[in-house]
Amino acid sequence: VDPRARYVEFRSFEPRYYSSWDVESALHPQTILAYGMNGEPLATEHGAPLRLYSAVKLGYKMVKYLSEVSFLPVRTGGYWEDKGYEWFAGV
């Protein structure tokens with residue numbers, strides 16, 4: 001990752017759905033990219049094929065149906081953030 005990248009953008013297969021995080025939150029030990037649950041592949045209703053999860057963020061920051069991860073030098077928004085929700089959304 002380029003050291004100038006301070007933010008990470010997570011995009012979903014769902015059109016227009018995305019969220020961006022600071023790189024420290026994205027690399028936090030409790031942040032995971034889940035592809036399974038309880039020893040089984042992740043089900044569609046839980047965000048398959050890949051879902052972003054972290055115990056340090058509010059639920060609207062956890063992107064389901066993850067399709068793209070980009071490390072960026074500038075902060076972008078997100079589906080909910082662009083509607084006025086808090087950008088950082090830490091717990």
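At 27% relative accessibility, Tyr79 counts as partly exposed, a class that lies between buried (under 20% relative accessible area) and exposed (over 50%), with a 1.4 Å probe and protein chains only. The tour starts at this residue. The model is predicted, with local features requiring pLDDT of at least 70 and side-chain atom pairs pLDDT 80 or more, while totals for chains, interfaces and linings use all residues. Residues are numbered from 1 along each chain as its sequence is written, and side-chain values use heavy atoms, with hydrogens and water left out.

**First stop: the aromatic residues**

Rings of Phe, Tyr and Trp (its six-membered ring) pair if their centres lie within 6.5 Å; planes under 30 degrees apart count as stacked, over 60 as edge-to-face and the rest as tilted. Trp80 is partly exposed, at 29% relative accessibility.

The whole structure holds six aromatic pairs. One of them is Tyr60 with Tyr85, edge-to-face at 5.0 Å centre to centre and 75 degrees between the planes. This pair links distant parts of the chain, 25 residues apart: Tyr60 lies in the loop between β6 and β7, and Tyr85 in the segment after β7. Tyr60 is buried, at 16% relative accessibility, whereas Tyr85 is partly exposed, with a relative accessible area of 42%.

**Second stop: the sheet**

Now display the strands (DSSP runs of E, at least two residues, numbered from the N terminus). Three of them form an open sheet in the order β2-β1-β7, with antiparallel pairing. Strands β2 and β7 (66-72) stand at the edges with a single partner strand each, so one side of each is left without a neighbour in the sheet. The twist averages 20 degrees from one strand to the next; axes here are lines fitted to C-alpha atoms, for helices over the stretch in contact, and angles run from 0 to 180 degrees between N-to-C directions.

Select β1 (residues 7-12) together with β2. Five bridges join these antiparallel strands; two strands count as paired if DSSP finds at least two bridges between them. Across the pairing, Phe10 stands opposite Ser19 in β2, and Tyr7 stands opposite Asp22 in β2. In the hairpin, five residues lie between the strands, and Arg16 takes a positive phi near 70 degrees.

Are the residues of β2 (residues 18-22) buried or exposed? Five of its five residues are buried. In a regular strand the side chains alternate between the two faces of the sheet. In β2 both faces are covered, with Tyr18, Ser20 and Asp22 on one side and Ser19 and Trp21 on the other.

The structure holds five salt bridges, each defined as a side-chain nitrogen of Lys or Arg within 4 Å of a carboxyl oxygen of Asp or Glu. Select Glu9 and Arg11, whose side chains meet in a salt bridge (3.0 Å, N to O). Glu9 is buried, at 8%, and Arg11 is partly exposed, at 28%. The charged end of Arg11 also sits over the ring of Tyr18, 4.1 Å from its centre; the criterion is NZ of Lys or CZ of Arg within 6 Å of the ring centre and within 35 degrees of the ring normal.

Next select Lys57 and Asp22, which form a salt bridge of 3.7 Å, N to O. Lys57 lies in the loop between β6 and β7 and Asp22 in strand β2, so the pair ties together parts that are 35 residues apart in sequence. Both Lys57 and Asp22 are buried.

Then move to Glu81 and Lys61, a salt bridge with its closest N and O atoms 2.6 Å apart. Glu81 is in the segment after β7 and Lys61 in the loop between β6 and β7, so this pair ties together parts that are 20 residues apart in sequence. Both Glu81 and Lys61 are buried. The charged end of Lys61 sits over the ring of Trp87, 5.0 Å from its centre.

**Last stop: the loops**

Select Ala48 and Pro49, which are joined by a cis peptide bond with omega about 10 degrees. Pro49 is located in the loop between β5 (40-41) and β6 (51-54).

Finish with Asn38, in the loop between β4 (36-37) and β5. Asn38 is not a glycine, yet has a positive phi of about 55 degrees. Asn38 is exposed, at 72% relative accessibility.

Key. Helices (H or I, at least four residues) and strands (E, at least two) are DSSP runs, numbered from the N terminus.
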